[in-house]
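Hello,

Here is the structure I promised to pass on to you. Please have a look at it first, and then read my notes below.

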Amino acid sequence: MSFLRNSAIILGALNLSAIAGSTYYLRSHHVYNLEETEARLDEIEGTLRGHIGLIEESLDRLEGKATEDDRGKKMAEYYGKRGRDEKKT
């Protein structure tokens, strides 16, 4: 009987350690994926902001509001700006 209790305790501890290890691994993998996704979204956001700047500059040129000195300013301004940096209060 003592052997069965010892083996049950050992198997129970092994089972709990396997569950804890797999939970830790899955959590760390999930956190890594979240960070990668956030980095990709930041890159996409910057690209979209740059394109918006290009579109606005083209519109200004078509409307005759832009000069040669303004070329590239809006794109650089929008591309350098990030939504996360703008804190809403």
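**What I found**

L48 is found in helix α1, where helices (H or I, at least four residues) and strands (E, at least two) are DSSP runs numbered from the N terminus. This is a predicted model, in which local features need pLDDT of at least 70, side-chain atom pairs count only at pLDDT 80 or more, and totals for chains, interfaces and linings use all residues. Residues are numbered from 1 along each chain as its sequence is written, and side-chain values use heavy atoms, leaving out hydrogens and water.

The protein has 2 helices and 0 strands. Of its 89 residues, 8% are buried (under 20% relative accessible area; exposed is over 50%, and partly exposed lies in between, with a 1.4 Å probe and protein chains only).

Next, the charged pair. The count comes to 1 salt bridge (a side-chain nitrogen of Lys or Arg within 4 Å of a carboxyl oxygen of Asp or Glu). E45 and R49 form a salt bridge through their side chains, at 3.2 Å from N to O. Both residues belong to helix α1 (residues 2-63) and sit 4 residues apart, about one turn of the helix. E45 counts as partly exposed because its relative accessibility is 23%, while R49 is buried because its relative accessible area is 18%.

Finally, among contacts (heavy atoms within 4.5 Å) between residues at least 6 apart in sequence, 58% join residues at least 24 apart.

Enjoy exploring!
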